[in-house]
Amino acid sequence: NEMDTEAIYKALASPIRRQILQCLKEPDRYISSEECGNDFSRGVCAGQMEKIADISQSTMSNHLSVLQQAGLIHVTKYGQWSYFSRNEALIEEFLQHLQHAL
C-alpha cells in the first residue's frame, strides 16, 4: 500500500483538516467522552467532530473524506455510528518522508 504523498500534502493544506487531526490526537482536550458514548477507544464519533470546527455536517463530511482518502484517518462503523481515528503508522511514515524530502 503505497503512501500517496501528494494526497497527504493536499489534505494537510487545510487548517480545518489539521485541526481535525489535532483533535483526533487528543480528543479528551476537545470533547467530553460522555458525548461520544465511549472512552475514545473506538475513535471520535462524527457528530462530535462538527461541534469542534463549528461547520456544517456536509462540510465536515467532505473534510473527513479527504483525510480518509489520503490515508490519514481510519473510519470504523458500529451500527449506525461512524468513529474516526488517526492512522498513526501512516502519519509517522509521512513525517519520516518529510525529513528526507525537505
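**Entry 1: N87**

I started with the contacts of N87. Leaving out residues up to four places away in sequence, N87 touches G71, L72, I73 and H74. I am working on a predicted model. I looked up where N87 sits: the loop between β3 and α6. Is N87 buried or exposed? Its relative accessible area is 15%, so N87 is buried, the cut-off being under 20%. One of its partners, G71, comes after α5. I checked the backbone there and found that G71 has a positive phi, near 90°.

**Entry 2: E88 and helix α6**

I moved on to E88, which is found in helix α6. E88 has a relative accessible area of 43%, so I put it down as partly exposed. I also took a C-alpha to C-alpha distance from E88 to A46: 19 Å in space, for 42 residues in sequence.

Next I checked the length of α6. The helix covers residues 88-101, which is 14 residues. At 1.5 Å a residue it should span 20 Å, and its end C-alpha atoms are 20 Å apart, so the two agree.

Which residues of α6 are buried? I found L90, I91 and F94. I then looked down the axis of α6: the buried residues fall within an arc of 100°, so they line one face of the helix. An α-helix has 3.6 residues a turn, so residues three or four places apart point the same way. On the other side of α6 I noted A89, Q99 and H100 as exposed. What covers the buried residues of α6? The cover includes α1 (5-12), α2 and β3 (81-86).

**Entry 3: α1 against α6**

I took the helix pair next. Two packed helices are described by the angle between their axes and the distance between the axes. For α1 and α6 I noted an angle of about 100° and axes 12 Å apart. That makes α1 roughly perpendicular to α6, since 65 to 115 degrees is the range for that term. From α1, the contact uses T5, I8, Y9 and L12. From α6, it uses L90, F94, H97 and L98. I sorted this contact by class and got six nonpolar, two polar and no charged residues.

I then looked at α1 by itself. Its buried residues are T5, I8 and A11. Seen down the axis of α1, they fall within an arc of 120°, so they line one face of the helix. Their cover includes α2, α5 and α6.

**Entry 4: S14**

I followed the chain out of α1. S14 is in the loop between α1 and α2. Its relative accessibility is 11%, so S14 counts as buried. How many residues separate S14 from H63 along the chain? I counted 49, yet their C-alpha atoms are separated by 8.7 Å. H63 took me to α5, where it is one of the buried residues.

S58 and Q69 are exposed, on the face turned away from the buried side. I listed what covers the buried residues of α5: the cover includes α1, α2, α4 (46-53), β2 (73-78) and β3.

How do α2 and α5 cross, and at what angle? The axes of α2 (residues 15-25) and α5 (residues 57-69) come within 10 Å and cross at roughly 75°. That makes α2 roughly perpendicular to α5. In the contact, α2 gives I16, R17, I20 and L21, and α5 gives M60, H63, L64, V66 and L67. By class I got seven nonpolar, one polar and one charged residues.

**Entry 5: G47**

Last, I looked up G47, which lies in helix α4. Its relative accessibility is 37%, so G47 counts as partly exposed. The C-alpha atoms of G47 and S82 are separated by 9.0 Å, and the two residues are 35 residues apart along the chain.

Note on methods
Residues are numbered from 1 along each chain as its sequence is written. This is a predicted model: local features need pLDDT of at least 70, side-chain atom pairs count only at pLDDT 80 or more; totals for chains, interfaces and linings use all residues. Side-chain values use heavy atoms; hydrogens and water are left out. Axes are lines fitted to C-alpha atoms, for helices over the stretch in contact, and angles run from 0 to 180 degrees between N-to-C directions. Helices (H or I, at least four residues) and strands (E, at least two) are DSSP runs, numbered from the N terminus. Angles under 35 degrees count as roughly parallel, over 145 as roughly antiparallel, 65 to 115 as roughly perpendicular and the rest as oblique. Contact means heavy atoms within 4.5 Å. Ala, Val, Leu, Ile, Met, Phe, Trp, Tyr, Cys and Pro count as nonpolar, Asp, Glu, Lys and Arg as charged, and the others, Gly among them, as polar. The expected span of a helix is 1.5 Å times one less than its number of residues. Buried means under 20% relative accessible area, exposed over 50%, partly exposed in between (1.4 Å probe, protein chains only). The arc is that of the directions from the helix axis to the C-beta atoms.
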